[in-house]
Amino acid sequence: MKAVAIKAFGGPEGLAVIELPVPVPGAGQVRIATEAIGVGGVDAVIRSGALAAYGYRTGHVPGGEVAGTVTAVGDGVDAGWLGRRVWAFTGTGGGYAEQAVAPVAEVLPLPAGLSAVAAVTLGSASVVAHFGLAQARFTPGESVLVRGAAGSLGITAVQLAARRGAGAVAVTTSSAERGERLRELGATQVLDRSGAGGRAAPAEYDVVFDVVAGADLPSFFGRLRPSGRLVVVGAVGGQPPADFGAPVMAAFQRSLSFAAFSAATVPVADRQAVRSEQFAAAARGELRTVVHQVLPLDRAERAHRAMAAGEVFGRIVLTP
């Protein structure tokens, strides 16, 4: 079968199309003929080599989110899964392929009316946005600043905050055009990447929902109200400085809070319950999925180049 692997860490040119044996599902797993493969920020971080210390090696096949049809089941898995169209989380790799395996606990049937492309646009983003806002203890009426709102995760967070009654939903983004698109999804104020702009925008927020991290993270503590919470759910901008928490201590009497959130800490059953609800909402048209581009699997390098250039609004999806 065709797959895309990391042949050399670094830039997108390190991705290459290869041939691999069709995988055999192990106990508790299913094999899926992929129809759609989500391209995520974590794929780019792994490809860069930044996580090599965690055991990633060249030859790794990126991709953690696929949708398609179950073609085989492993020991202990109900044969009733065969032939079903599903979404699946494959882990931190294995998805950039014509066939992928996943634990059956991380597989969810697709509801009628939800395409495979829409499913991989929403599947992971929905869980991180939902539980990330919960980690921030967000409540209706509070103001939220979504930093890095142009990706599928930020777009979902904007919609969920607006649907849950946020008093204001500000976003940081790179252009006025993207800002207008985010307003259509629920944003009330548009700021530039530094958090400036938006004459009617609040000076401070109850929650900063941060997809970016990076060198500028410390400055966003200054955008929190007393008892405000900043939650980092991604690091597409890289790691923050070693002393990034200094502003919290300097503003000790403002009782600011910082947290990092990973969906890995949420029980699988809870993740799947939320994902199922969000899939149903998307199928009803109540939650929008934004697809930047659909590309063939062998154009994965082009997808990564677009992400690196900051060109993507929504999600890029690969198809075999």
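These are my notes, starting with the ground rules and then going from the whole chain to single residues.

**Ground rules.** The model is predicted, so I kept to its limits: local features need pLDDT of at least 70, side-chain atom pairs count only at pLDDT 80 or more, and totals for chains, interfaces and linings use all residues. I number residues from 1 along each chain as its sequence is written, and side-chain values use heavy atoms, with hydrogens and water left out.

**The whole protein.** I looked up the secondary structure and got seven helices and 15 strands. Both are DSSP runs numbered from the N terminus, with at least four residues (H or I) for a helix and at least two (E) for a strand. The radius of gyration is 20 Å, close to the 20 Å that the globule rule gives for 320 residues, so the protein is as compact as a globular protein of that length. For the record, that radius is taken over C-alpha atoms, and the rule is 2.2 Å times the number of residues to the power 0.38. Along its principal axes, the C-alpha trace spans about 60 × 40 × 35 Å.

Next I checked the surface. Its accessible area is about 13,300 Å², and 54% of that belongs to carbon and sulfur atoms. The areas come from the Shrake-Rupley method with a 1.4 Å probe; for residues, only the protein chains shown count as cover. Of the 320 residues, 50% are buried (buried is under 20% relative accessible area, exposed is over 50%, partly exposed is in between, with a 1.4 Å probe and protein chains only). I also looked at contacts, meaning heavy atoms within 4.5 Å. Among those between residues at least 6 apart in sequence, 70% join residues at least 24 apart.

**The cavity.** How many cavities of 30 Å³ or more does a search of the whole structure find? I got one, and the largest cavity holds about 40 Å³ of space. A note on method: rolling a probe the size of a water molecule over the atoms shows where empty space is left. In grid terms, a cavity is a set of points, on a 1 Å grid over the protein atoms alone, where a 1.4 Å probe fits but cannot get out, and lining residues have an atom within 4 Å of a point. Points are joined across faces, edges and corners, and the volume is the space filled by probe spheres set on them.

Who lines the largest cavity? I wrote down Thr 121, Leu 122, Ser 152, Ile 155, Thr 156, Arg 288, Thr 289, Val 290 and Gly 314. Helix H2 (116-135) and helix H3 (152-163) each supply at least two of the lining residues, and H3 gives the most, with three. The lining divides into three nonpolar, five polar and one charged. Here Ala, Val, Leu, Ile, Met, Phe, Trp, Tyr, Cys and Pro count as nonpolar, Asp, Glu, Lys and Arg as charged, and the others, Gly among them, as polar.

**Leu 122.** Leu 122 counts as buried, at 1% relative accessibility. Leaving aside neighbours within four places in sequence, Leu 122 is in contact with Glu 65, Thr 156, Gln 278, Phe 279, Ala 282, Leu 287 and Thr 289. Phe 279 is 157 residues away along the chain, yet the two C-alpha atoms are separated by 7.6 Å.

**Ala 97.** Is this one buried or exposed? Ala 97 is buried, with a relative accessible area of 1%, although Ala 97 lies in a loop, between strand S5 (85-89) and strand S6 (99-103). Not counting residues up to four places away, Ala 97 touches Met 1, Lys 2, Ala 3, Thr 34, Ile 37 and Leu 297. From Ala 97 to Ile 37 I get 60 residues in sequence and 8.3 Å in space, C-alpha to C-alpha.

**Two positive phi values.** Arg 137, in the loop between H2 and strand S8 (143-147), has phi near 55 degrees, a positive value in a residue other than glycine. Ala 213 has a positive phi too, near 60 degrees. Ala 213 sits in the loop between strand S11 (205-210) and S12 and is buried, at 2% relative accessible area.

**Asp 270.** My last stop was helix H6 (residues 268-283), where Asp 270 is found. Asp 270 is partly exposed, with a relative accessible area of 40%.

How values were computed:
On a 1 Å grid over the protein atoms alone, a cavity is a set of points where a 1.4 Å probe fits but cannot get out, and a pocket is an open set with protein on both sides within 12 Å along at least five of seven lines; lining residues have an atom within 4 Å of a point.
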